[in-house]
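Please keep the structure in view while reading.

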Amino acid sequence: MILFPCFPCDAKNTLSEFKISDISIENGFSVLAMNLNQRLFLTQIEKQELVEQLEKIVLENNLPKENVFIGGFSSGGNVSLLISDYLVQNKSKIQSKGVFVVDSPIDLLALYKTAQKNLKLNFSQPSIQEATWIKSFFDKEFGNPKDGIAKYENNSPFTLETQNIQNLRNLKNLKIRLYTEPDLKWWQENRKNNYEDLNAYYLKKLSDKLKTEFGSKNIELIETKNRGYRANGERHPHSWAIVNEKDLIKWMTE
């Protein structure tokens, strides 16, 4: 199992928030928690370098190349989807059997537009800080969407506005799980966000699109209730904890 952390996080944070290590080892899975962070997308060079790194780790640690599953939380889920697609496309020595994402912001264009909304709302400090950074970052990387969205589409796992899944086309034969906790009450009270502003909304739309394109057999959308808590006890639907570890292992071993 290869895990990618959230944007500001690292491997240590992943393994403290996501209690997966013991149950994985009990079921014969090694866990590789990556430190690669601060990525909402991957450039072609970054994909190539990451694949080389993964292949080297697997070789040096004598890990099996079969039954590989890749997953990530938040932005780490974006990385998981994009690198899994790249592995298939380039016939890497490592091939993923399945990929799972945990409340990930898969639609970068939508993420930009939600940031714009949140700046206008000017409601909570965490929301304002995140929105300010997102808008500034994307303005620099991709430009303002009003001038064209091609760069957003080229780098995003999914673009709802154009139903674009070009960066996921090679995942057709993989098992895919999309986890999210659409607690609208929490988001309304803490951020003044509507359902259409949430990662949950776009994950639902991606699930629908993938089922239409790939068939429904391998695609699962898992919407949880009241599971989202951080390791320190803080209630937050955007958390690793929405994943049921036993059920995830069962999915991997089926």
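The largest cavity holds about 60 Å³ of space. The model is predicted, so local features need pLDDT of at least 70 and side-chain atom pairs count only at pLDDT 80 or more, while totals for chains, interfaces and linings use all residues. Residues are numbered from 1 along each chain as its sequence is written, and side-chain values use heavy atoms, with hydrogens and water left out.

**Cavities**

On a 1 Å grid over the protein atoms alone, a cavity is a set of points where a 1.4 Å probe fits but cannot get out, and a lining residue has an atom within 4 Å of a point. Grid points are joined across faces, edges and corners, and a volume is the space filled by probe spheres set on the points. Two cavities of 30 Å³ or more are found in a search of the whole structure.

The lining of the largest cavity consists of Pro105, Ile106, Asp107, Ala110, Leu111, Thr114, Asp197, Asn199 and Tyr202. Helices are DSSP runs (H or I, at least four residues), numbered from the N terminus. At least two lining residues come from each of α5 (108-121) and α9 (199-214), and α5 gives the largest share, three residues. In the classes used here, Ala, Val, Leu, Ile, Met, Phe, Trp, Tyr, Cys and Pro count as nonpolar, Asp, Glu, Lys and Arg as charged, and the others, Gly among them, as polar. The lining of the largest cavity has five nonpolar, two polar and two charged residues.

The second largest cavity is lined by Asp103, Thr180, Glu181, Trp187, Leu198, Asn199 and Ala200. Its lining has three nonpolar, two polar and two charged residues.

**Pockets**

A pocket is an open set of grid points with protein on both sides within 12 Å along at least five of seven lines. The largest pocket is lined by 34 residues, and Pro8, Ser74, Glu130, Arg230 and His238 lie nearest its centre. The elements giving two or more residues to this lining are α1 (11-17), α5, α6 and α8 (184-191). Of these, α6 supplies the largest share, seven residues. By class, the lining of the largest pocket has 16 nonpolar, 12 polar and six charged residues.

Fourteen residues line the second largest pocket, with Met1, Ser30, Leu63, Pro64 and Asn67 nearest its centre. This lining divides into 10 nonpolar, three polar and one charged.

| Space | Volume |
|---|---|
| Largest cavity | about 60 Å³ |
| Second largest cavity | about 30 Å³ |
| Largest pocket | about 950 Å³ |
| Second largest pocket | about 260 Å³ |

**Helix packing**

Two packed helices are described by the angle between their axes and the distance between the axes. Axes are lines fitted to C-alpha atoms, for helices over the stretch in contact, and angles run from 0 to 180 degrees between N-to-C directions.

The axes of α5 and helix α6 (residues 125-141) come within 8 Å and cross at roughly 130°.

Helix α3 (residues 44-60) and helix α4 (residues 75-89) pack at an angle of about 75°, with axes 10 Å apart. The pair α3 and α4 is therefore roughly perpendicular, the word for angles of 65 to 115 degrees. Gln44, Lys47, Gln48, Leu50 and Val51 in α3 meet Val79, Leu82, Ile83, Tyr86 and Leu87 in α4. By class, seven nonpolar, two polar and one charged residues form the contact of α3 with α4.

Technical notes:
Angles under 35 degrees count as roughly parallel, over 145 as roughly antiparallel, 65 to 115 as roughly perpendicular and the rest as oblique. Contact means heavy atoms within 4.5 Å.
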